[in-house]
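Here is a short report on one model. It covers a ligand site, some helix packing and one loop.

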Amino acid sequence: MRDVLLDNEDLLRINNLNVRFRTSEGAFRAVRDVSISIRSGETLGIVGESGSGKSVTALSIMNLIPNPPGEATGDILFNGRNLRNLSPEEVRTIRGNEISMIFQEPMTSLNPIHTCGKQIMEPLLLHKGFTKKEAKVRALELLKMVGIPIPEQRFKEYPHQLSGGMRQRIMIAMALACRPKLLLADEPTTALDVTIQAQILELMKNLRKEIDTAIIMITHDLGIITEMCDRVVVMYAGQVVESSPLKELIKESLHPYTEGLLRSIPTITKEKQRLHTIEGTVPSPFNMPIGCSFQPRCNYSTSLCSEKTPELVHITEERAVRCWRHVNEGKQG
Ligand SMILES: Nc1ncnc2c1ncn2[C@@H]1O[C@H](COP(=O)(O)OP(=O)(O)OP(=O)(O)O)[C@@H](O)[C@H]1O
Ligand code: SF4
Ligand SMILES: [Mg+2]
């Protein structure tokens with residue numbers, strides 16, 4: 001079963017990830033028993049509302065959860081190694097090299113006191129043993145590849161001299177410099193206006209073909225996922241509630257939460273009027289409902305749903321869902 005056993009084709013496998021935070025208000029579980037896998041060259045989308053644990057899951061892959069207040073357990077298997085057993089030094093040799101990340105706000109990742117060119121050269125000098133001359137040639141190629149006009153000029157400029165869209169292109173150039181096997185993109189277009197957002201998504205789609213990097217695309221917008229991804233993992237309140245190939249998910253969603261997300265995409269429902277929104281809000285992590293976490297917002301809930309927590313069950317090799325309505329169709333996993 002795909003999300004239970006280690007599949008030889010998997011590039012990355014997250015097994016039973018749990019992340020707990022201790023705060024002044026008390027302790028809570030931000031990520032609960034999450035198992036996700038991605039194959040080489042695949043684009044996997046992780047979707048869910050704010051606070052569902054998407055970023056914490058991504059940060060856990062690179063051992064970037066601050067401890068304290070966070071504490072992560074579980075296994076992160078990448079290319080045959082368990083990243084959770086590596087030393088911080090060993091993880092640094094992977095970060096920015098075999099696995100890179102792009103975040104929502106490029107200014108938090110770009111260094112304001114270095115030129116864009118220097119920042120793109122850095123991973124090549126650090127991980128690939130390039131000479132400065134070789135790194136400069138490659139950095140200019142990368143600037144061209146991500147669609148930056150007049151690359152020689154931009155090479156010399158500082159991040160604050162560029163627009164948000166251009167800065168995000170610089171981040172992508174940096175992230176792809178070492179031809180990573182895996183790219184983690186955490187809301188890479190959320191901070192941009194709609195036109196620039198479409199351009200950056202188009203760029204990522206084209207680059208994916210060129211460099212054959214697996215991508216984990218994290219977003220609260222299922223519309224972005226339908227444009228980009230091969231498979232989808234839907235998260236709700238720190239748990240995976242559905243995982244499926246995109247085509248099958250669009251044809252028929254299994255979890256009521258996914259159904260709500262799909263109905264909020266205008267191009268899929270072809271609704272011209274008011275968009276559907278899922279009523280209610282994500283439960284507080286300090287006050288999770290008993291039974292199914294989605295139960296207070298679910299139109300299909302029964303008394304069982306507010307008594308017992310459903311497990312994630314596999315309906316087919318590629319599809320899994322956490323909902324009592326489907327328990328008899330699948331096997332627990
Ligand atoms: N360093 C931290 N200390 C305490 N709580 C944290 C920390 N980082 C995240 N959390 C909490 O963990 C939960 C999951 O957060 P996460 O950032 O993964 O959500 P998300 O799905 O990425 O949401 P968004 O769409 O808003 O980015 C939230 O309740 C958040 O407040
Ligand atoms: S388990 Fe029950 S409450 Fe939860 S999503 Fe399924 S039907 Fe709704
Ligand atoms: Mg986030």
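## Ligand 2 and its cavity

On a 1 Å grid over the protein atoms alone, a cavity is a set of points where a 1.4 Å probe fits but cannot get out. A molecule sits in a cavity if more than half of its atoms lie within 2 Å of its grid points. The largest cavity is the space taken by ligand 2.

The shell around ligand 2 holds 13 residues, and C292, C298, C305, C323 and W324 come nearest. Here, a residue is near a molecule if one of its heavy atoms lies within 4 Å of it. The shell divides into 9 nonpolar, 3 polar and 1 charged. Ala, Val, Leu, Ile, Met, Phe, Trp, Tyr, Cys and Pro count as nonpolar; Asp, Glu, Lys and Arg count as charged; the others, Gly among them, count as polar.

## Basis of the model

This is a predicted model, where local features need pLDDT of at least 70, side-chain atom pairs count only at pLDDT 80 or more, and totals for chains, interfaces and linings use all residues. Residues are numbered from 1 along each chain as its sequence is written, chains are lettered from A and ligands numbered from 1 in the order in which they are written, and side-chain values use heavy atoms, with hydrogens and water left out.

Two packed helices are described by the angle between their axes and the distance between the axes. Axes are lines fitted to C-alpha atoms, for helices over the stretch in contact, and angles run from 0 to 180 degrees between N-to-C directions. Helices (H or I, at least four residues) and strands (E, at least two) are DSSP runs, numbered from the N terminus. Angles under 35 degrees count as roughly parallel, over 145 as roughly antiparallel, 65 to 115 as roughly perpendicular and the rest as oblique.

Helix α7 spans residues 164-176. Helix α4 (residues 116-127) packs on α7 at about 20°, axes 8 Å apart. The two are therefore roughly parallel. Helix α8 (residues 194-211) meets α7 at about 15°, with axes 10 Å apart. That pair is therefore roughly parallel too. Helix α5 (residues 132-145) packs on α7 at about 130°, with axes 9 Å apart. So α5 and α7 are oblique.

## The loop between α1 and β4

P68 lies in the loop between α1 (54-61) and β4 (70-78). The bond joining N67 and P68 is cis, with omega about -5°. The peptide bond from P68 to P69 is cis, with omega near 10°. P69 is also in this loop.

N63 is found in the loop as well. Its phi is near 55°, a positive value in a residue other than glycine.

How values were computed:
1 Å grid on protein atoms, 1.4 Å probe; cavity = no way out; pocket = protein on both sides within 12 Å on 5 of 7 lines; lining within 4 Å.
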